Amino acid sequence: LVSGKEILRVAKEKGFAVPAFNAGSGQLLNAVMEACEETQSPVMIAIHPDELSFLTDSFVSQVEYLANHSSLPV
């Protein structure tokens, strides 16, 4: 798990883009993470502040868990 500032600094230095996916469900989150692992693509997971009002703490924990257990910068 890295900060957006850090991941974008590396992307700028190395000349690549970092996608940011708005994953508001566990199914979408899993699909994004699986695709990024397959392609070895660093990724940003975006959650709009308004979505936090209807997402559960368990979803946020799932995002943190997957980010912390990925081999990629997330």
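Biologist: Which residues of helix 3 are buried?

Modeller: The buried residues of helix 3 are F59, V63 and A67, where buried means under 20% relative accessible area, exposed over 50%, and partly exposed in between (1.4 Å probe, protein chains only). Seen down the axis of helix 3, these buried residues fall within an arc of 75 degrees, so they line one face of the helix; the arc is that of the directions from the helix axis to the C-beta atoms. On the other side of helix 3, D57 and S58 are exposed. Helices (H or I, at least four residues) and strands (E, at least two) are DSSP runs, numbered from the N terminus. This is a predicted model, in which local features need pLDDT of at least 70 and side-chain atom pairs count only at pLDDT 80 or more, whereas totals for chains, interfaces and linings use all residues. Residues are numbered from 1 along each chain as its sequence is written, and side-chain values use heavy atoms, with hydrogens and water left out.

Biologist: How many residues does helix 3 have, and what span is expected for it?

Modeller: The expected span of a helix is 1.5 Å times one less than its number of residues. Helix 3 has twelve residues and reaches 16 Å from its first C-alpha to its last, which is close to the 16 Å expected. N68 belongs to helix 3 and is partly exposed, with a relative accessible area of 48%. Although N68 and L55 are 13 residues apart in sequence, their C-alpha atoms are 20 Å apart in space.

Biologist: How should I read helix 2, and which of its residues are buried?

Modeller: The general idea is that an α-helix has 3.6 residues a turn, so residues three or four places apart point the same way. In helix 2, the buried residues are L29, V32, M33 and C36, and they cover an arc of only 95 degrees around the axis, which puts them on the same side of helix 2. Q27, E34, E38 and T39, on the other side of helix 2, are exposed. Helix 2 has 14 residues and reaches 20 Å from its first C-alpha to its last, close to the 20 Å expected.

Biologist: What is the phi of Q40, and where does Q40 lie?

Modeller: Most residues other than glycine have a negative phi. Phi of Q40, however, is near 55 degrees, a positive value in a residue other than glycine, and Q40 lies in the loop between helix 2 and strand 2. P42 is also placed in the loop between helix 2 and strand 2, and P42 counts as buried at 15% relative accessibility.

Biologist: Where is L52 found, and how far is L52 from G24 in space?

Modeller: L52 is found in the loop between strand 2 and helix 3 and is partly exposed, with a relative accessible area of 46%. L52 and G24, 28 residues apart in sequence, are 9.1 Å apart in space, C-alpha to C-alpha.

Biologist: What volume does the largest pocket have, and which residues lie nearest its centre?

Modeller: Rolling a probe the size of a water molecule over the atoms shows where empty space is left. On a 1 Å grid over the protein atoms alone, a pocket is an open set of points where a 1.4 Å probe fits, with protein on both sides within 12 Å along at least five of seven lines, and lining residues have an atom within 4 Å of a point. The largest pocket has a volume of about 170 Å³, taken as the space filled by probe spheres set on the points, which are joined across faces, edges and corners. It is lined by 14 residues, of which L1, M44, I45, V63 and V74 lie nearest its centre. Helix 1 (4-14), strand 2 (44-46) and helix 3 (57-68) each give two or more residues to the lining, and the largest share, four residues, comes from helix 3.
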